[in-house]
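Biologist: Can you walk me through this model? I'd like to start with the ligand.

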Amino acid sequence: MAARLRSNSSDRQRLIAAVRERFGESVAVTDPHDIAPWLNDWRDRYHGRSDAILAPKATDEVAAIVTMAGQLGVPLVPQGGNTGMVGGATPPEDGSALILSLRRMNRLRSISADNNLAVAEAGMILANLHDEAGKVGRRFPLTLGARGSCTIGGLISTNAGGTQVLRFGTMRSLVAGIEAVLPDGTIHSGLSGLKKDNRGYSLDQLLIGAEGTLGIVTAAALKLVPAATARAVAWVGVASPQAALKLLRSLDTGTRQIEGFELVPADSLALVLKHVPGTRSPLESDSRWHVLIEATAHEGDESPDKVLDALLGQALASGLAADAVVAANEAQAEAFWKIRDSISEAERAEGPTLAHDISVAVETMPDFMVDAAAQVERAFPGAIASGFGHLGDGNVHFHVRAGTRTAPDWYDAEGPAISRLVHDLVTAAGGSISAEHGIGQMKRDEFKRLAPPGRIAALRHIKQALDPAGIMNPGKLIA
Ligand SMILES: Cc1cc2nc3c(=O)[nH]c(=O)nc-3n(C[C@H](O)[C@H](O)[C@H](O)COP(=O)(O)OP(=O)(O)OC[C@H]3O[C@@H](n4cnc5c(N)ncnc54)[C@H](O)[C@@H]3O)c2cc1C
């Protein structure tokens with residue numbers, strides 16, 4: 001593959017001037033104060049520089065900007081809500097790229113309850129799509145902790161998962177079509193919502209999970225499902241991840257109404273209670289592990305409260321669950337979810353955390369979590385290793401904290417060796433070092449080290465074919 005494209009300052013200034021001339025001053029933001037918040041990633045691990053944020057308002061503006069950037073050899077870093085976890089939306093440190101923000105392209109173009117489809121622009125915030133779908137008696141069945149900031153374009157480009165994958169799949173299963181600007185400036189229009197279309201390779205599917213390296217997503221047709229008529233949320237104490245998975249399987253045999261099943265270790269719960277104001281433990285008893293369960297109902301379904309009451313009653317009687325409570329009302333249900341959604345924030349408040357978003361086969365995950373934590377803690381005595389999250393998808397966020405290893409440079413000094421160990425263990429177990437966050441710049445070298453060479457070669461050929469000049473998000477995913 002060609003060497004990474006690095007622009008010079010005068011070409012960047014020419015691009016900024018050309019954008020302003022065609023689309024107005026406001027489309028190129030150059031005030032350093034306005035740019036500053038968008039130069040660092042959400043976890044504050046990656047820090048970049050950029051002369052400008054280009055913020056177009058329409059697809060043809062994006063196409064013109066990409067065309068001009070290609071002519072001038074100026075790389076672009078697509079950015080949505082900047083909530084990504086792998087530094088994918090952070091520009092390079094050398095300042096050689098401009099940020100292309102989609103946040104102003106935030107319109108809902110259409111929504112149809114009859115077609116169960118919404119066409120949203122890339123910059124639309126997920127929570128706003130949830131609201132719009134609710135107004136027509138539908139819902140978009142993907143949610144995650146960053147829903148108030150993350151955008152449709154970012155969710156597509158990272159093939160995001162979240163807490164409802166168990167029932168509805170990742171973003172890949174929820175996208176019916178994509179409109180995007182390809183690296184040569186042409187517009188790919190895939191919004192027709194065709195159920196069947198076998199005209200060769202799917203550009204839509206190629207763009208999902210591409211992390212902005214193959215083009216700019218400008219809009220998407222998204223699949224909706226009927227709005228739930230009720231939900232019930234429970235918090236359950238269990239003895240181990242193994243018990244948690246058995247509990248999920250026992251719920252599966254009793255009902256089809258479970259759509260959220262999130263594992264929370266006692267350690268993560270304690271951090272949330274310590275750092276997030278207004279949170280309290282749902283159970284009075286102590287358990288080493290906890291599970292948050294959400295069941296929903298649609299027209300004709302049984303009440304989800306009754307379903308959970310009955311099934312959790314059986315789990316308590318059989319000893320599968322140690323303790324359980326079903327939220328008495330919507331406020332309590334929200335309070336339970338707040339605990340789950342605040343784990344990353346609480347860890348951040350506690351200190352540096354090495355985060356590993358990993359997956360192995362679902363049935364393997366409980367043993368893997370316990371074994372891998374023991375191996376990490378044996379190799380780095382005093383460190384605390386644990387996993388939380390989407391157990392039913394075989395995906396947990398396996399995090400390692402310093403514990404009693406208090407060297408001030410712990411994260412930088414030991415982090416790479418710890419992450420290598422975790423990734424080696426995942427690979428040996430046949431798993432993935434990125435389940436839902438992507439590769440970005442954080443995992444690029446590890447991906448190259450551990451992926452089968454044929455896979456890396458194929459990705460490089462695709463990148464080279466679509467973006468020969470390398471103007472799309474340089475240094476991410478594959479360098
Ligand atoms: C508290 C919290 C909880 C989270 N929980 C989850 C979770 O449960 N599951 C999960 O999967 N993720 C989760 N995330 C990660 C994050 O929210 C998702 O990765 C989200 O998809 C990023 O969207 P964004 O708009 O912020 O994208 P950004 O961070 O701006 O960008 C992410 C990547 O997509 C590219 N990109 C952005 N927009 C476009 C576009 N229009 N066209 C082409 N490329 C583009 C960027 O270049 C970058 O590579 C969480 C994040 C936070 C902060």
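Modeller: This is a predicted model. In it, a backbone N or O atom of glycine 162 lies 3.3 Å from a nitrogen atom of the ligand.

Biologist: How far is a ligand nitrogen from a polar backbone atom of valine 217?

Modeller: That distance is 2.9 Å.

Biologist: And what about leucine 155 and the ligand oxygen?

Modeller: A polar backbone atom of leucine 155 is 3.4 Å from an oxygen atom of the ligand.

Biologist: How much of the ligand does the protein bury?

Modeller: The protein buries 96% of it. That is 96% of the 970 Å² that the ligand exposes when taken alone.

Biologist: Which residues come nearest to the ligand?

Modeller: There are 35 residues around the ligand. Pro78, Gly80, Thr83, Gly84 and Thr151 come nearest.

Biologist: What classes do the shell residues fall into?

Modeller: The shell has 20 polar residues, 13 nonpolar ones and two charged ones.

Biologist: Which elements each supply at least two residues of that shell?

Modeller: Strand 3 (76-79), helix 5 (152-157) and strand 10 (216-223) do. Helix 5 gives the largest share, with four residues.

Biologist: New topic, helix 1. How many residues does helix 1 have?

Modeller: Helix 1 covers residues 9-23, so it has 15 residues. From first C-alpha to last, helix 1 reaches 21 Å. That is close to the 21 Å expected at 1.5 Å a residue.

Biologist: Which of its residues are buried?

Modeller: In helix 1, the buried ones are Asp11, Arg12, Leu15, Ile16, Val19 and Phe23. Looking down the axis of helix 1, these buried residues fall within an arc of 140°, so they line one face of the helix.

Biologist: What does the face turned away from the buried side carry?

Modeller: That face of helix 1 carries the exposed residues Arg14 and Glu21.

Biologist: You listed Arg12. Which side chain does arginine 12 join in a polar contact of 2.9 Å?

Modeller: The side chain of serine 7. Serine 7 lies in the segment before helix 1.

Biologist: Is serine 7 buried or exposed?

Modeller: Serine 7 is at 11% relative accessibility. Buried means under 20%, so serine 7 counts as buried.

Biologist: What lies 2.5 Å from a polar atom of the serine 7 side chain?

Modeller: The backbone oxygen of serine 96.

Biologist: Okay, next one. Where does threonine 296 lie?

Modeller: Threonine 296 lies in strand 14, residues 289-297. Threonine 296 counts as buried because its relative accessibility is 1%.

Biologist: Which side chain does threonine 296 contact?

Modeller: The side chains of threonine 296 and glutamate 259 are joined by a polar contact of 2.9 Å.

Biologist: What about arginine 340? Where is its place?

Modeller: Arginine 340 sits in helix 12, residues 330-341. At 8% relative accessibility, arginine 340 counts as buried.

Biologist: How many residues separate arginine 340 and alanine 361 in sequence?

Modeller: Arginine 340 and alanine 361 are 21 residues apart in sequence. In space they are 23 Å apart, C-alpha to C-alpha.

Biologist: Last one, helix 14. What should its 15 residues span?

Modeller: Helix 14 (residues 365-379) should span 21 Å at 1.5 Å a residue. Its end C-alpha atoms are 21 Å apart, which agrees.

Biologist: Which residues are buried in helix 14?

Modeller: Met365, Pro366, Phe368, Met369, Ala372, Ala373 and Val376 are buried in helix 14. They cover an arc of only 160° around the axis, so they are on the same side of helix 14.

Key. Residues are numbered from 1 along each chain as its sequence is written. This is a predicted model: local features need pLDDT of at least 70, side-chain atom pairs count only at pLDDT 80 or more; totals for chains, interfaces and linings use all residues. Side-chain values use heavy atoms; hydrogens and water are left out. A residue is near a molecule or strand if one of its heavy atoms lies within 4 Å of it. A polar contact is a pair of N or O atoms within 3.5 Å; within protein, one must be able to donate a hydrogen and the other to accept it, and residues adjacent in sequence count only if both atoms are side-chain atoms. Accessible areas come from the Shrake-Rupley method with a 1.4 Å probe; for residues, only the protein chains shown count as cover. Ala, Val, Leu, Ile, Met, Phe, Trp, Tyr, Cys and Pro count as nonpolar, Asp, Glu, Lys and Arg as charged, and the others, Gly among them, as polar. The expected span of a helix is 1.5 Å times one less than its number of residues. Buried means under 20% relative accessible area, exposed over 50%, partly exposed in between (1.4 Å probe, protein chains only). The arc is that of the directions from the helix axis to the C-beta atoms.
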